[in-house]
Amino acid sequence: MASVQDALPAADALVRAANERMGGAEWRSLKSFHTLATAKSAMGDATIEFRFVAPDARLLVQTMPGGRGTMELGVAAGMAWMGEPGKARAVDPRMAEELAGGGDLQTLVHSIAERFEDFRTESRETVDNRIVWRLSMRPRGTPTPDARWTLLIDAATGLVHGFDIPAPPKDARANAPTPTGQSIRLSDWRPVDVGDSAPRSRLIAFRTAKVSAGGMETELQYSRVAIDTLGADAIRPPEKLEPVAPMPAAPSPSAGTPAGEHSD
């Protein structure tokens, strides 16, 4: 007699269908990608802008809540930098690799198959008043095989409903804060803008994301999700950079995404 697990749809098939529902391989043929979001939280409003120009230039710019400064992280022309605009420091070239797998939540969603592996369908259940398929998956290259993310796929629409991200391991230092996981929920899916702002019907993207972590909720509201609108020179390294900053400790795979966003 077949078990309940045997009756569940194959996880790889659910992920492939969700990817096709968002636009499939067309996402990999972009000349540029540009998003602009407002992050609303109890600390105040902030803005997050992400730019990608093929083949590998990226720039993530985030203002602090309440206008308390701006931070950018970029890679272009073989250079990587981080810091306040005009005061950025060069970072170790390995930072470019981290950026490539890091920061834009929109890009994370349409590159799930490339960034994760070992997909498993766990259950069919109700989440946020929606019937969803609950899957588990492992970030590719993670040093901790048991650090599995949860992926929720809406059973009615076939679109990604959200993620649950496990907390990273606790720092061994005395008095280190206890890390927490994150829950991300996505909604308001619409066609992306292209060139003259006309929608490209094949590609769709969410316009609202709710990120919960450590008892605090941040809502990202996207005012722009556009493809092929940036010129080839839209991302340039700063003319002057401070000396190379030390490479920070590698983050846990479970910490390497969202709470204010996170890259292509």
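I took buried to mean under 20% relative accessible area, exposed over 50% and partly exposed in between, with a 1.4 Å probe and protein chains only. Before going further I noted that this is a predicted model, in which local features need pLDDT of at least 70 and side-chain atom pairs count only at pLDDT 80 or more, while totals for chains, interfaces and linings use all residues. Residues are numbered from 1 along each chain as its sequence is written, and side-chain values use heavy atoms, with hydrogens and water left out.

**Entry on salt bridges**

I searched the whole structure for salt bridges, each being a side-chain nitrogen of Lys or Arg within 4 Å of a carboxyl oxygen of Asp or Glu, and the search gave 18. For the elements named below I used DSSP runs numbered from the N terminus, with helices (H or I) of at least four residues and strands (E) of at least two.

I looked up Glu-20 and found that its salt-bridge partner is Arg-202, with 2.9 Å between the closest N and O atoms. This pair links distant parts of the chain, since Glu-20 belongs to helix H2 (residues 11-22) and Arg-202 to strand E12 (residues 198-213), 182 residues apart. Glu-20 is partly exposed at a relative accessible area of 40%, and Arg-202 is also partly exposed, at 37%.

I then turned to Asp-118 and Arg-148, whose side chains form a salt bridge with an N to O distance of 2.9 Å. Asp-118 is partly exposed, with 30% relative accessible area, whereas Arg-148 is buried at 18%. Both residues belong to a network of salt bridges that also includes Glu-117, Arg-120, Arg-138 and Arg-140.

My next pair was Lys-210 with Glu-219, where the closest N and O atoms of the salt bridge are 3.8 Å apart. Here Lys-210 is partly exposed at 37%, and Glu-219 counts as buried at 19%.

**Entry on Arg-207**

Which side chain of opposite charge is nearest to Arg-207? I found that it is Asp-193, 4.5 Å away, and that Arg-207 is buried yet has no salt bridge; for charge, Lys and Arg count as positive and Asp and Glu as negative, while His and the chain ends are not counted. Arg-207 is placed in strand E12. Leaving aside residues up to four places away in sequence, I listed its contacts (heavy atoms within 4.5 Å), among them Ser-187, Asp-188, Pro-191, Leu-220 and Tyr-222.

**Entry on strand pairing**

I counted two strands as paired if DSSP finds at least two bridges between them. Strand E1 (residues 32-41) runs antiparallel to strand E2 (residues 44-53), and 10 bridges join them. These two strands form a hairpin with 2 residues between them, and Lys-40 stands opposite Asp-45 in E2. E1 also pairs with strand E13 (residues 216-227), in the antiparallel sense and over 8 bridges, with Ile-227 in E13 as the bridge partner of Phe-33.

**Entry on nonpolar cores**

I defined a nonpolar core as a set of buried Ala, Val, Leu, Ile, Met, Phe, Trp, Tyr and Cys residues joined through side-chain atoms within 4.5 Å. The largest has 47 residues, and those with the most contacts inside it include Leu-105, Phe-163 and Trp-189. E12 gives the most to this core, with 6 residues. Another core, of 9 residues, lies apart from it and has Trp-81 and Leu-230 among its members.
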